[in-house]
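Subject: Structure handover

Hello,

Here is the structure I promised you. Please open it next to this email and follow along.

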Amino acid sequence: MTEASALRFYADSGLLRPAEVDPASGYRCYSADQVARATALRRTSLIASVIAKVEGADPARAAFLAVRHDTGETRTGDVNHLGKKYTESEADPRDIVADQVAAFPEGLAQVVTEVIAEYEAKESPEAVCARDADKLECMLQGIEYRAQGYENAQRWIDNSRGRIVTKAGQALADAVLKTGSLDWLRAALGETQR
């Protein structure tokens, strides 16, 4: 999937709508604050496919589950653990999706509903890989925040790492934690690693 086709998919599915669309050309424009969301969607799908490949699961299915799992958050936002303390009950993603697809053709509604149900059941190998990808992507965000000077991001990093369950996901997370953000550049330039 190219970057352009990924953005079209995200826009068409409501996961990341463009800030503006040129009526003449159809060119989609995204605001600066949407970059993090687009990056997270793309990284999560790529990570899920890698973990699934190593784990012997279906990489394409895992990537699809990883991208689609946030469907409900288009209506509720991403309520973190602390925020859930102040709500009466947590919205069930399956209920949200049922509302979202109520007007869809039956076959399409069934596909979307089944994808979310599979992810939430946490039973298929692809769902487990997709969930690990989501945690690993959160860990990466924490590492990026820490590199920007947010020293309290370490708790976020540790919590995300602790929730990864597959061997492939754990190995990938550990490798990320041992690697500096510019190690790839130093290696390409033939410099000594840190």
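Two notes before you go on. This is a predicted model, in which local features need pLDDT of at least 70 and side-chain atom pairs count only at pLDDT 80 or more, while totals for chains, interfaces and linings use all residues. Residues are numbered from 1 along each chain as its sequence is written, and side-chain values use heavy atoms, with hydrogens and water left out.

The overall picture

The chain has 11 helices and 2 strands. Both kinds of element are DSSP runs, numbered from the N terminus: helices are H or I with at least four residues, strands are E with at least two. Along the sequence the pattern reads α-β-β-α-α-α-α-α-α-α-α-α-α. The chain has 194 residues, and 35% of them count as buried. Now take the contacts between residues at least 6 apart in sequence: 53% of these join residues at least 24 apart. A contact here means heavy atoms within 4.5 Å.

Find helix H7, residues 106–121. Its 16 residues should span 22 Å at 1.5 Å a residue, and its end C-alpha atoms are 22 Å apart, so the two agree. The expected span is 1.5 Å times one less than the number of residues.

Which residues of H7 are buried? They are Ala 109, Val 112, Val 115, Ile 116, Glu 118, Tyr 119 and Glu 120. The cover over them includes helix H3 (59–68), helix H6 (93–100) and H8.

Look at H6 next. The axes of H6 and H7 come within 10 Å and cross at roughly 175°. H6 is therefore roughly antiparallel to H7. Axes are lines fitted to C-alpha atoms, for helices over the stretch in contact, and angles run from 0 to 180 degrees between N-to-C directions. Angles under 35 degrees count as roughly parallel, over 145 as roughly antiparallel, 65 to 115 as roughly perpendicular, and the rest as oblique. On the H6 side, Pro 93, Arg 94 and Val 97 meet Val 112, Thr 113, Ile 116, Ala 117 and Glu 120 in H7.

H3 sits at another angle. The axes of H3 and H7 come within 10 Å and cross at roughly 95°. H3 and H7 are therefore roughly perpendicular to each other. Here Arg 61, Phe 64, Leu 65 and Arg 68 in H3 meet Val 112, Val 115, Ile 116, Glu 118 and Tyr 119 in H7.

After H7 comes Lys 122 again. Lys 122 lies in the loop between H7 and H8. Its phi is positive, about 60°, although Lys 122 is not a glycine.

Helix H8 then has 23 residues. From first C-alpha to last, H8 reaches 33 Å, close to the 33 Å expected at 1.5 Å a residue. Gly 149 follows H8, with a positive phi near 110°.

Salt bridges

Side chains of opposite charge can pair when their charged atoms come close. How many salt bridges does a search of the whole structure find? The search finds 7. A salt bridge is a side-chain nitrogen of Lys or Arg within 4 Å of a carboxyl oxygen of Asp or Glu.

Arg 43 pairs with Glu 137, with the closest N and O atoms 2.7 Å apart. This pair links distant parts of the chain: Arg 43 is in helix H2 (residues 35–55), Glu 137 is in helix H8 (residues 125–147), and they are 94 residues apart. Glu 137 is buried, with a relative accessible area of 3%.

Arg 43 also forms a salt bridge with Glu 144, the closest N and O atoms being 2.6 Å apart. Again distant parts of the chain are linked, H2 with H8, and the residues are 101 apart. Glu 144 is partly exposed, at 36% relative accessibility.

Arg 94 forms a salt bridge with Asp 92, at 3.1 Å between the closest N and O atoms. Shared partners join Arg 43, Glu 137 and Glu 144 into one network.

Best wishes

Methods
Buried means under 20% relative accessible area, exposed over 50%, partly exposed in between (1.4 Å probe, protein chains only).
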